[in-house]
Amino acid sequence: MITPKCLQHGDRVAIAATARKVSPDEMAPAIHLLQSWGLEVIVPEGLYAEEHQLAGSDAHRAEVLQTLLDDDEVAAIFCARGGYGTVRMVDRLCWDRFLQHPKWLVGYSDVTVLHSALHKMGVASIHGIMPINIPADAEHVDHPALLSLHQLLFDGTVDYTTLGDCRLYRSGQTVAPMVGGNLSMLYSQLASATDLDTDGKILFIEDLDEYLYHIDRMMTALRRAGRLDKLKGLVVGAMSDMHDNAIPFGHTAEEIVWDAVKDYDYPVVMGCPFGHIGTDNRALVFGIDTALNVASDGTAQLSTQL
């Protein structure tokens, strides 16, 4: 696995909009925060382009990201926000220059498509808070998402001695690379060039604003495709703002996930502080061996060292 270098004071980093459009006002808190970390922030020409919901056409968004991928002096790329659109442009990208000079790519939600592409190429990446989620007080308040992202980027460590109010579903210990991201995006990539290989991995999933029967459909599809058979562990983050029909589906999102994996024997923990939960969305590193310990007393620990 190729692991980009940790950041240092004075490094150049950039913001890219691969999905929905953003405005200068929305990006200002993130730019100020990154500058307070001692980083030089590049705001590429075309970042604020618009085409209906998207940050410009597919070709435009791919061109802006490609320029940053090819820039050897950029040490990290922060995806501005999620929404939808990255899957429309990912196949336009050329990764040759990037693989010669790898850099951190940071984001979550719709950015899962890029995480999957990088994992297929053997490059580590960071599932973490994005500029759109960074509040104006970020320079003065110790938000968990920002503390963990800074620690991972500069010190190369993730160490969650306790994952908080998680819910134990099956105890166990394992060490394996972590992969995954947004469940809807993983589902949308099945049988595509960026379809994720989950064998021997700890799978992480989270989602937002989905109907419960959609969660069941997606988990059933992953199970039928063999993506749940040979896992080393399953970590479920926030299942935020779920919806139901007039006739209830009858199960919560976590119960649906458990039903899909209950017949296996790897450790499973849910309700972890990752995903669409704003400044509580702790950083994870994908592609690197991660130690997961789900204890029988209901506590869970997760750690990674680059």
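With which residue does aspartate 58 form a salt bridge, and how far apart are the closest N and O atoms? The partner is arginine 88, and the closest N and O atoms are 2.9 Å apart. A salt bridge here is a side-chain nitrogen of Lys or Arg within 4 Å of a carboxyl oxygen of Asp or Glu. Aspartate 58 lies in helix α2 and arginine 88 in helix α3 (residues 86–89), so the pair ties together parts that are 30 residues apart in sequence. Helices (H or I, at least four residues) and strands (E, at least two) are DSSP runs, numbered from the N terminus.

The model is predicted: local features need pLDDT of at least 70, side-chain atom pairs count only at pLDDT 80 or more, and totals for chains, interfaces and linings use all residues. Residues are numbered from 1 along each chain as its sequence is written, and side-chain values use heavy atoms, with hydrogens and water left out.

Side chains of opposite charge can pair when their charged atoms come close. The salt-bridge rule gives a count of nine. Aspartate 58 also meets arginine 61 in a salt bridge, at 3.0 Å from N to O. These two residues both belong to helix α2 (residues 58–70). They sit three residues apart, about one turn of the helix. Buried means under 20% relative accessible area, exposed over 50%, and partly exposed in between (1.4 Å probe, protein chains only). Aspartate 58 has 11% relative accessibility, so it counts as buried. Arginine 88, at 45%, is partly exposed.

A further salt bridge joins aspartate 72 to arginine 97, with 2.7 Å from N to O. Aspartate 72 is in the loop between α2 and β3 (74–79), and arginine 97 is in helix α4 (residues 96–100), so this pair ties together parts that are 25 residues apart in sequence. Aspartate 72 is partly exposed at 35% relative accessibility. Arginine 97 is partly exposed at 38%. Elsewhere, salt bridges link Arg12, Glu40 and Glu73 in a network.

In soluble globular proteins, nonpolar side chains tend to be buried together. A nonpolar core is a set of buried Ala, Val, Leu, Ile, Met, Phe, Trp, Tyr and Cys residues joined through side-chain atoms within 4.5 Å. The largest such core has 53 residues. Trp37, Leu149, Leu153, Val235 and Leu302 have the most contacts inside it. Helix α6 (residues 144–155) gives the most to this core, with six residues. Tryptophan 37 is in contact (heavy atoms within 4.5 Å) with His9, Leu146, Leu149, His150, Leu153 and Phe154, leaving aside neighbours within four places in sequence. A second, separate core has 25 residues, including Ala14, Val111, Leu118 and Met130.

Pockets were found on a 1 Å grid over the protein atoms alone. A pocket is an open set of points where a 1.4 Å probe fits, with protein on both sides within 12 Å along at least five of seven lines; lining residues have an atom within 4 Å of a point. The largest pocket holds about 370 Å³ of space, a volume being the space filled by probe spheres set on the points. Its lining has 18 residues, and Gly82, Gly83, Ser109, Leu208 and His276 lie nearest the centre. The second largest pocket holds about 280 Å³. Of its 14 lining residues, Lys5, Asp72, Val74, Ala75 and Pro102 are the closest to its centre.
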